[in-house]
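Thank you all for coming; I would like to walk through one structure this morning, taking a few regions in turn. Please keep the sequence and the model in view while I talk.

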Amino acid sequence: MLKYIKNELFMEKVSLLKLAKKYDTPLYVYSKGKIESNFNLYKKSFKSIDSIICYAVKANSNHGILKILANLGAGADVVSGGELYRVLKAGISSQKIVYSGVGKTSSEIEFALKSNILMFNVESFEEVQQINKTAQKLKTKARISFRVNPNVDPHTHKHITTGKFGSKFGIMYEDAFELYMKANKMKNIEIVGIDSHIGSQLLDITPYKLAAEKISKLIDKLEENKINIKYIDIGGGLGIKYTDTDKPQHPLNLRKAVMSIYSKYKNKTIIVEPGRSIVGDAGILLGQVIYRKTTGSKNFIITNVAMNDLIRPALYDSYHNILPVKKTSKNRQIADIVGPICETGDYIAKDRSFPIIEKEEYIAIESAGAYGRAMASQYNSRPRGAELLVDGSKVTVIRKAETIQDLMSKEI
Ligand code: LLP
C-alpha cells in the first residue's frame with residue numbers, strides 16, 4: 001500500500017507529497033483497496049459458516065468508507081443514534097445492524113426500533129426495561145441479546161479492556177441466566193442472541209476461546225430452559241500491526257478458535273464486529289514539520305499534527321510508525337515528535353529514532369485509519385483536516401477540511 005518511488009512516498013499510485021501540498025495537512029489518506037481486502041479477508045474466513053460481519057463504525061465513520069463496506073455486504077455495529085443514522089444513509093441493511101453500548105437513550109432506542117435493526121446488545125437490566133417500554137409504546141417487539149462479561153483477560157491496554165469484571169460493560173456472567181429469564185417474561189422483548197466483546201487490539205486468540213467456552217455453557221443452560229439463541233455475537237477486537245514486533249492474527253484463526261467451541265450448534269449465526277482490523281492499517285495521517293528545537297539533551301520535531309488529530313499516543317501511550325514522505329539518507333537522531341497543543345501529553349512519538357528532517361518537510365503517520373479522525377477534536381481551536389480516498393491513481397475527497405470559520409459555525 002505504501003512504497004517509496006524515487007525516494008518519494010506513494011500510496012498505491014499517488015504521490016503523498018503531491019496530496020499534502022494540494023490538500024494541506026493534517027490530512028487523512030485511506031486506501032480503498034486495503035479497506036476492501038481487509039473486509040474480504042473476514043468475509044472469506046467466515047464464509048463457510050452462517051455469519052454476519054458487522055463493521056464497528058466507531059473506528060471510522062466516514063460516509064465514503066461506510067459506502068465501500070455497504071457495497072461489500074457489510075453489516076454494522078453501532079453505538080449511538082448518530083452511528084445508526086450514518087449506516088442507514090450508507091445503505092447498510094437494517095437487518096445487519098446490531099446496537100451496542102451501555103447508555104442507549106430512549107430516543108436512540110426509538111430510532112433503532114423504527115429502523116427495524118437486527119438486535120440490541122443490552123448491557124443492563126434497566127436498559128432492557130427501557131427497551132421493553134419503548135417497544136410497547138411503538139406496538140412492536142424488540143429483538144435483543146445480552147452483552148455478557150465473561151471475565152477473561154484480553155491482555156491489552158487497560159483503557160480498551162472490556163471483558164473483565166470491574167469494567168462498565170455488559171452484565172456479569174454470573175447474573176446473566178437470571179436476567180435472561182426475567183427479560184424472557186417481558187411482553188415486548190424477543191430474545192434472539194448472546195454477545196460478548198472482550199477488548200480491542202488483541203494480538204492473542206486464546207481470550208476469544210476462553211470467552212466462547214464460558215458463553216457456550218450459558219447458551220446450553222438457556223436452551224435447556226427454552227430460550228433459543230439464534231445469534232452469537234463474538235465482538236470485535238483483532239489487533240493490527242503498530243510496532244515491528246506486533247503479530248496480528250488472521251480472521252481465520254478467530255473463526256477457528258470460536259468454532260472449536262460453537263461448531264456443535266446448528267442453525268446459529270455468528271456475528272463478528274471488527275473495526276480497527278478493517279480500517280486501521282488502511283489509513284495514514286500526513287503532517288508537516290513546523291519547527292525543530294533542542295532543549296538540553298532533548299530534540300523536538302514540532303509538527304502540525306497534534307493530539308486533537310490523533311489522540312491515541314496521548315490516551316494509550318500507543319506507538320505509530322512514522323515515515324518521512326521524502327526518503328533521506330541523513331543521519332538519525334532521537335527526538336520527540338510533537339504537536340502545537342499546549343499540553344505535555346501532546347505528542348505523536350516519544351524518544352523516536354528518526355532521520356534528521358528539515359522544517360516544512362512532510363511526515364506520514366502509519367496505521368491511523370482507525371480511531372484517528374473518528375476521535376479527532378477541535379481542541380485549541382484547530383480545524384480538522386480533510387479525508388481522502390485513494391484508489392489506484394484516483395483520489396476522492398471524502399471529507400473536506402474544516403476552515404477556521406467552521407470552528408464558530410454553531411456558536412451564537
Ligand atoms: N464491538 C464493540 C462492542 C466495541 O466496543 C468495539 C470497540 C468494537 C466492537 C470494535 O473493536 P475493534 O475491532 O476496533 O478493536 N479508541 C481505542 C479503541 C476503543 C475500542 C472501543 N470498542 C483505540 O484507539 O485503541
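Let me start with helix α5, where the buried residues are covered by elements that include α4 (81–89), β7 (97–99), β8 (119–122), α6 and β9. Before I go further, this is a predicted model, in which local features need pLDDT of at least 70 and side-chain atom pairs count only at pLDDT 80 or more, while totals for chains, interfaces and linings use all residues. Residues are numbered from 1 along each chain as its sequence is written, and side-chain values use heavy atoms, with hydrogens and water left out.

As for terms, helices (H or I, at least four residues) and strands (E, at least two) are DSSP runs numbered from the N terminus; buried means under 20% relative accessible area, exposed means over 50%, and partly exposed is in between, with a 1.4 Å probe and protein chains only. Contact, when I use the word, means heavy atoms within 4.5 Å.

Within α5, which covers residues 106–114, the buried residues are E108, I109, E110, A112 and L113, and just after this helix N116 takes a positive phi of about 60°.

Which residues touch the most other members of the largest nonpolar core? They are F120, I144 and Y262, in a core of 98 residues, where a nonpolar core is a set of buried Ala, Val, Leu, Ile, Met, Phe, Trp, Tyr and Cys residues joined through side-chain atoms within 4.5 Å. Helix α8 (residues 206–224) gives the most to this core, with 7 residues. There is also a second, separate core of 18 residues, which includes V14, V325, A386 and L388.

Staying with Y262, and leaving aside its neighbours within four places in sequence, we find Y262 in contact with A212, I215, S216, I219, I232, I234 and I270. Y262 is also one of the buried residues of helix α9, a list that includes L254, V258 and I261, and what covers the buried residues of α9 includes α2 (32–46), α8, β12 (231–233) and β13 (269–272). The end C-alpha atoms of α9 (residues 251–262) are 16 Å apart, which agrees with the 16 Å that its 12 residues should span at 1.5 Å a residue; the expected span is 1.5 Å times one less than the number of residues.

The next region is helix α7. Its 12 residues should likewise span 16 Å at 1.5 Å a residue, and the end C-alpha atoms are 17 Å apart, which agrees. The buried residues here are Y173, A176, F177, L179, Y180 and A183, and their cover includes α6 (125–137), β9, β10 (171–172), β11 (189–195) and α8.

A search of the whole structure finds 4 aromatic pairs, where rings of Phe, Tyr and Trp (its six-membered ring) pair if their centres lie within 6.5 Å, and planes under 30 degrees apart count as stacked, over 60 as edge-to-face and the rest as tilted. One of them is F146 with Y180, which is edge-to-face at 4.9 Å centre to centre and 75° between the planes. Because F146 lies in strand β9 (residues 142–149) and Y180 in helix α7 (residues 173–184), the pair ties together parts that are 34 residues apart in sequence. F146 counts as buried at 0% relative accessibility, and Y180 counts as buried at 0% as well.

N184 is also in helix α7, but at 39% relative accessibility N184 counts as partly exposed. Beyond its neighbours within four places in sequence, N184 is in contact with I191 and I227.

Finally, I come to the open sheet of 3 strands, whose order is β1-β2-β3 with antiparallel pairing; two strands pair if DSSP finds at least two bridges between them. Since β1 (2–5) and β3 (14–15) stand at the edges with a single partner strand each, one side of each is left without a neighbour in the sheet. β1 and β2 are joined by 4 bridges, with F10 in β2 as the bridge partner of K3, and they form a hairpin with 2 residues between them, where K6 in the turn has a positive phi of about 45°. Strand β2 (residues 8–11) pairs with β3 over 2 bridges, and M11 stands opposite V14 in β3.
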